[in-house]
Amino acid sequence: MAPSSRSLGSLERSVMDVLWRASSALTVREVQEQLEAGGSADLAYTTVMTVLDRLGAKEMVSRERDGRAFRYTAALSREAATAELLNATLDSSGDRTAALVHFARTVDPAEAAALRAALEEIEAPGTP
Amino acid sequence: MTPLLLGAIGLALALPVPALLSHAAWPRLAPAAGIVLWQSLALAAVLAISGAALSTALWLVTDPDPAPWRVVLHVLIMGIGVLVWARFWWAAWHVWSETSQRRARHRELVDLLGEPHGALPAVRVLAEQTPVAYCIPRLRDPRVVISSGAVASLDDEALQAVLEHERSHVRTRHDLVLEAFGVLHRAFPRVLRTDAPLRQSQVMVELMADDAARRITGDRPLARAIVALAGGSTPAGALGAGSDALVRLERLRDPASPRARRASAVASGVVSAVVLVVPTVFVAVPWLYHAVEVLLTR
């Protein structure tokens with residue numbers, strides 16, 4: 001049975017975790033073994049390969065030929081991925097269009113004090 | 001006269017009117033109507049400037065003996081009109097492709113690095129101390145992202161307020177509103193625009209999402225959430241240019257009466273109608289008749 005896209009999404013995460021932990025490039029079989037060792041239910045070889053292909057299309061995984069098989073590595077480390085994510089998140093340059101919509105941007109200390117004063121009034125007992 | 005009049009209306013709607021209106025607090029009492037108001041202003045400015053360019057073109061080809069200074073002035077007006085239109089389409093394409101690419105990449109990273117949060121399918125928690133909460137709006141598979149640092153700094157109700165706020169952005173596609181203003185902003189050359197429409201529409205969108213959160217959690221959890229996330233320790237380089245936090249909090253502290261909110265909505269509606277209808281009916285339509293007449297009799 002083909003896995004749904006939702007579970008493919010969580011499989012992608014597990015596969016990336018395996019590749020991020022690995023010290024060298026892994027074959028599909030090795031990824032499959034480590035996923036099963038990590039508690040994933042039986043996964044078909046082709047499913048693991050599909051997930052690796054999807055990750056390759058997203059440029060998260062790169063592969064190299066090793067004899068008759070391919071070996072897979074993470075295209076960027078977990079730290080690099082986190083850094084890229086945070087940079088995009090905290091990027092507040094004015095003229096670029098907001099790709100992300102923030103809940104609240106961090107303010108300077110003076111404004112933070114004004115915020116806390118307003119909050120005290122809102123939370124003061126007696127106000128509705 | 002028509003090109004000069006339309007040009008003047010267009011420039012007035014592009015520069016002084018938004019600058020003045022951004023100082024008024026009343027449009028924020030009814031944020032949805034406020035967005036319509038700002039959209040109408042921007043649209044009216046584009047229409048007036050386009051009309052100025054069109055009517056100039058007609059005047060230049062039909063006037064038998066134009067004075068040199070009028071030719072210069074009219075060519076300038078037409079140039080601005082053509083420039084705004086060219087920039088408009090370029091900006092529309094650019095904004096759309098840029099944001100959709102950045103969102104797609106961002107969502108891929110979030111899905112690989114974030115943990116799902118409880119039973120909420122679209123929420124991802126990032127293992128990161130910096131307190132951030134935001135959404136990645138998309139037609140398919142949008143995401144609400146919150147860092148574990150933010151989760152830790154919020155009580156349960158405040159967390160719910162944050163999630164409801166972001167889900168409201170995603171549900172009502174506030175990103176489309178912001179993109180429309182982003183395109184209009186870029187359509188006008190730097191000397192012919194103010195930041196007011198884009199900034200004010202960002203504020204209005206936040207106020208609308210706040211209202212959605214208030215309906216679920218009430219005012220106080222939302223207020224705590226705003227202060228926790230905006231007033232937290234400052235991560236280097238994360239200072240937002242201009243902040244809506246104080247405006248949002250002051251609205252929770254001094255809520256407007258229903259009557260004031262209705263009055264605000266009505267005022268926004270009236271101003272929107274005036275800026276769109278008056279130039280059209282009194283300048284554009286008479287000119288159109290004139291244009292048809294001139295072109296048919298030639």
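**Briefing: chains A and B of a predicted model**

In chain A, three strands form an open antiparallel sheet in the order β1-β3-β2, where strands pair if DSSP finds at least two bridges between them. Its edge strands, β1 (26–27) and β2 (61–66) of chain A, each pair on one side only. This is a predicted model, in which local features need pLDDT of at least 70, side-chain atom pairs count only at pLDDT 80 or more, and totals for chains, interfaces and linings use all residues. Residues are numbered from 1 along each chain as its sequence is written, while chains are lettered from A and ligands numbered from 1 in the order in which they are written.

**Chain A**

- Chain A has five helices and four strands; helices (H or I, at least four residues) and strands (E, at least two) are DSSP runs, numbered from the N terminus.
- Along the sequence, the elements of chain A follow the pattern α-β-α-α-β-β-α-β-α.
- Six bridges join β2(A) to strand β3 (residues 69–74) of chain A in the antiparallel sense, and D66(A) stands opposite A69(A) in β3(A).
- Of the 128 residues of chain A, 27% count as buried, that is, with 20 or more other C-beta atoms, placed from the backbone, within 10 Å of their own.

**Contact between the chains**

- Chain B contributes 53 residues to the contact and chain A contributes 38 residues; two residues are in contact if their C-beta atoms, placed from the backbone, lie within 7 Å.
- On the side of chain B that touches chain A, α4 (68–113), β3 (133–136), α6 (156–171), α7 (174–187), α9 (219–230) and α10 (245–253) each supply at least two residues.
- The most is given by α4(B), with twelve residues.
- This side of chain B has 26 nonpolar, 13 polar and 14 charged residues; Ala, Val, Leu, Ile, Met, Phe, Trp, Tyr, Cys and Pro count as nonpolar, Asp, Glu, Lys and Arg as charged, and the others, Gly among them, as polar.
- Strand β4 (residues 101–102) of chain A pairs with β3(B) in the antiparallel sense over two bridges, and V101(A) has C135(B) as its bridge partner.

**Largest nonpolar core**

- A nonpolar core is a set of buried Ala, Val, Leu, Ile, Met, Phe, Trp, Tyr and Cys residues joined through C-beta atoms within 7 Å.
- Of the 97 residues in the largest core, those touching the most other members are V15(A), L115(A), A45(B), V162(B), A225(B), I226(B) and L229(B).
- Helix α3 (residues 31–62) of chain B provides the largest share of this core, 13 residues.
- Not counting residues up to four places away in sequence, L229(B) touches F103(A), A104(A), P131(B), A133(B) and A150(B).

Conventions: Buried ≥ 20, exposed ≤ 12 C-beta atoms within 10 Å, placed from the backbone.
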